[in-house]
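Please view the sequence and the model first, and then follow the sections below.

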Amino acid sequence: MRKAIAIEFDGCLCTNAYPEIGEPNWPVIKRAQAEQRAGAGLILWTCREDQLLLDAIAACEGWGLTFDAVNESLPDWIEEFKTRPRKVGASEYWDDKAVRMPAAPPPNERLDMNQIYVLDGEPVWSDGMWYIINGKDGYCVDRYGKNKRISDRCYHGAYRRKPEENV
């Protein structure tokens, strides 16, 4: 499936002058054009409706930017997933108000000793209980508040979640 980029209009493609059309944000427009030339599908993603939406589309066309979809997922994504959800499906969402969130926890793979020693203040599951790792000092603290050498407690490996929490 090709890359899909949902791009917000007010504040991202142009300065926010809603309900008017703001000044074009050329770095974002040029990057979107380059992504499109590389094969990505572009989606205009905006709360504008009716004539305000038509004005935004016309402004983008005047700036040399055309879209594969407006306020909906790309046609090939709709066909692939056999759904038309209210939320636009995309690989990337470009928005001036976006907040980058931490990624989901990694898979619950066994951590080796090198991985354990770089953790600091993080909980790990090992030998049937939780430990807080103090990797810089080579110790971990068990649930009773006792310091243990990491090498003594985690030689069987450690996990970020209890093994039964695996999905």
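In strand 2, the residue that forms a bridge with I7 is L44. Helices (H or I, at least four residues) and strands (E, at least two) are DSSP runs, numbered from the N terminus. The model is predicted, so local features need pLDDT of at least 70 and side-chain atom pairs count only at pLDDT 80 or more, whereas totals for chains, interfaces and linings use all residues. Residues are numbered from 1 along each chain as its sequence is written, and side-chain values use heavy atoms, with hydrogens and water left out.

Strand 1 and strand 2 (residues 41–45) run parallel and are joined by five bridges; two strands pair if DSSP finds at least two bridges between them. Opposite I5 stands L42 of strand 2. In strand 1, five of five residues are buried, where buried means under 20% relative accessible area, exposed over 50%, and partly exposed in between (1.4 Å probe, protein chains only). In a regular strand the side chains alternate between the two faces of the sheet. Here A4, A6 and E8 point one way, while I5 and I7 point the other way, and all are buried.

## The two sheets

Strands of a sheet pair through backbone hydrogen bonds, either parallel or antiparallel. An open sheet of four strands, with parallel pairing, has the order 3-2-1-4. Strand 3 and strand 4 (92–94) stand at its edges with a single partner strand each, so one side of each has no neighbour in the sheet. Helix 1 (residues 26–37) lies across strand 1, strand 2 and strand 4, and runs at about 155° to strand 4. Such angles run from 0 to 180 degrees between N-to-C directions, and the axes are lines fitted to C-alpha atoms, for helices over the stretch in contact.

Another open sheet of four strands has antiparallel pairing and the order 5-6-7-8. Its edges are strand 5 (120–126) and strand 8 (147–149); each has a single partner strand, so one side of each is left without a neighbour in the sheet. From one strand to the next, the twist averages 35°. Strand 6 (residues 129–134) and strand 7 (residues 139–141) run antiparallel and are joined by three bridges, and I132 has V141 in strand 7 as its bridge partner.

E8 lies in strand 1 (residues 4–8). E8 is buried yet has no salt bridge, and the nearest side chain of opposite charge, K97, is 6.5 Å away. A salt bridge is a side-chain nitrogen of Lys or Arg within 4 Å of a carboxyl oxygen of Asp or Glu; Lys and Arg count as positive and Asp and Glu as negative, while His and the chain ends are not counted. Neighbours within four places in sequence aside, E8 is in contact (heavy atoms within 4.5 Å) with L13, W45, T46, W94, D95 and D96.

T46 is found in the loop between strand 2 and helix 2 (50–62). T46 counts as buried because its relative accessibility is 9%. A polar atom of the T46 side chain lies 3.1 Å from the backbone nitrogen of R48.

E72 belongs to the loop between strand 3 (69–70) and helix 3 (75–81). The relative accessibility of E72 is 36%, so E72 counts as partly exposed. The side chains of E72 and R84 are joined by a polar contact of 2.9 Å. A polar contact is a pair of N or O atoms within 3.5 Å; within protein, one must be able to donate a hydrogen and the other to accept it, and residues adjacent in sequence count only if both atoms are side-chain atoms.

## Salt bridges

Side chains of opposite charge can pair when their charged atoms come close. The count of salt bridges comes to seven. One of them joins D76 and R2, with the closest N and O atoms 3.1 Å apart. This pair links distant parts of the chain, 74 residues apart: D76 is in helix 3 and R2 in the segment before strand 1.

K3 and E35 also meet through their side chains in a salt bridge (3.1 Å, N to O). K3 is in the segment before strand 1 and E35 in helix 1, 32 residues apart. E35 is buried, with a relative accessible area of 15%, whereas K3 is partly exposed at 29%. A salt bridge of 3.7 Å, N to O, joins the side chains of R31 and E35. R31 and E35 are separated by about one helical turn because they are four residues apart in helix 1. K3, R31, E35 and E92 are linked in a network of salt bridges.
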